[in-house]
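This report is written for a reader meeting the structure for the first time. Please look over the sequence and the model before turning to the sections that follow.

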Amino acid sequence: MPADSGVTGRPVPGAEADGPDAMQVSARGELNLATPERWTTLGERLGCPSLRDRFAELAAAYGEKHRRYHTLQHIDQCLACLDSVQSLADDPAELELAIWLHDVVYATRRDDNEARSAAIAAAWLEAAGADA
């Protein structure tokens with residue numbers, strides 16, 4: 001039986017797949033896609049292997065106590081959606097990076113979270129030696 005997305009009550013696309021492309025689903029039916037290993041692989045795909053050193057900061061940001069929606073579970077759900085359509089993307093690695101970092105900053109009383117998240121993404125990529 002496919003894993004429930006936890007948001008809509010509908011199955012997660014591809015959760016029933018077998019083999020190397022199968023989604024990682026926990027015993028409780030939760031996705032487990034937002035892992036340090038996946039983040040490290042993304043950095044390598046982007047030519048920025050030192051991004052792996054940022055995972056602890058990333059996980060800490062998405063784990064802030066005031067967050068109710070913009071959490072690693074949200075990133076899991078977004079990655080599951082990406083995985084189901086990434087063959088349609090010109091650059092799925094760039095899309096994945098956007099998913100990981102789109103709400104790394106989340107201050108409930110501010111309206112510039114996306115801009116601040118984008119600034120962090122740019123700084124991390126520059127520090128990792130990414131091409132402009």
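Predicted model: local features only at pLDDT ≥ 70, side-chain atom pairs only at ≥ 80, totals over all residues.

## Terms and confidence

A residue is called buried when its relative accessible area is under 20%, exposed when that area is over 50%, and partly exposed in between.

Across the protein chain the pLDDT averages 82, and 77% of the residues score at least 70.

## The nonpolar core

The largest nonpolar core holds 25 residues, of which Trp39, Leu58, Ile75, Leu79, Trp100, Leu101 and Val104 touch the most other members. At least two residues of this core come from each of the helices α1 (36-45), α2 (55-62), α3 (72-85), α4 (92-101) and α5 (113-127), and it is α4 that gives the most, with five residues.

## A network of charged side chains

Side chains of opposite charge can pair when their charged atoms come close. The structure holds seven salt bridges, and Arg38, Arg45, Asp83 and Glu96 are linked in a network of such bridges. Within this group, the side chains of Arg38 and Asp83 meet at 2.7 Å, taken from N to O. This pair links distant parts of the chain, with Arg38 in helix α1 and Asp83 in helix α3, 45 residues apart. Arg38 counts as buried because its relative accessibility is 17%, whereas Asp83, with a relative accessible area of 25%, is partly exposed.

Glu96, another residue of the network, lies in helix α4. Its relative accessibility is 1%, so Glu96 counts as buried. Not counting residues up to four places away in sequence, Glu96 touches Arg38, Leu42, Arg45, Leu79 and Leu82, and among these Leu79 is also one of the core residues that touch the most other members.

## Two further salt bridges

Glu57 forms a salt bridge with Arg54, and the closest N and O atoms of the two are 3.1 Å apart. Glu57 counts as partly exposed at 38% relative accessibility, and Arg54 is likewise partly exposed, with a relative accessible area of 24%.

Asp112 counts as partly exposed at 23% relative accessibility, and Arg110 counts as partly exposed at 44%.

## A buried histidine

Is His74, at 7% relative accessibility, buried or exposed? The value of 7% is under the 20% cut-off, and therefore His74 counts as buried. His74 lies in helix α3, and, when residues up to four places away in sequence are not counted, His74 touches Tyr69 and His102.

Polar contacts accompany both of these pairings: the side chain of His74 makes a polar contact of 3.3 Å with the side chain of Tyr69, and a polar contact of 3.1 Å joins the side chains of His74 and His102.

Notes. Residues numbered from 1 in each chain as written. Heavy atoms only, no water. Core = buried A, V, L, I, M, F, W, Y, C linked by side-chain atoms within 4.5 Å. Buried < 20%, exposed > 50% of the residue type's maximum accessible area, 1.4 Å probe, protein only. Helix = DSSP H or I, 4+ residues; strand = E, 2+ residues; numbered from the N terminus. Contact = heavy atoms within 4.5 Å. pLDDT = per-residue confidence, 0-100. Salt bridge = Lys/Arg side-chain N within 4 Å of Asp/Glu carboxyl O. Polar contact = N/O pair within 3.5 Å; in protein donor to acceptor, adjacent residues only side chain to side chain.
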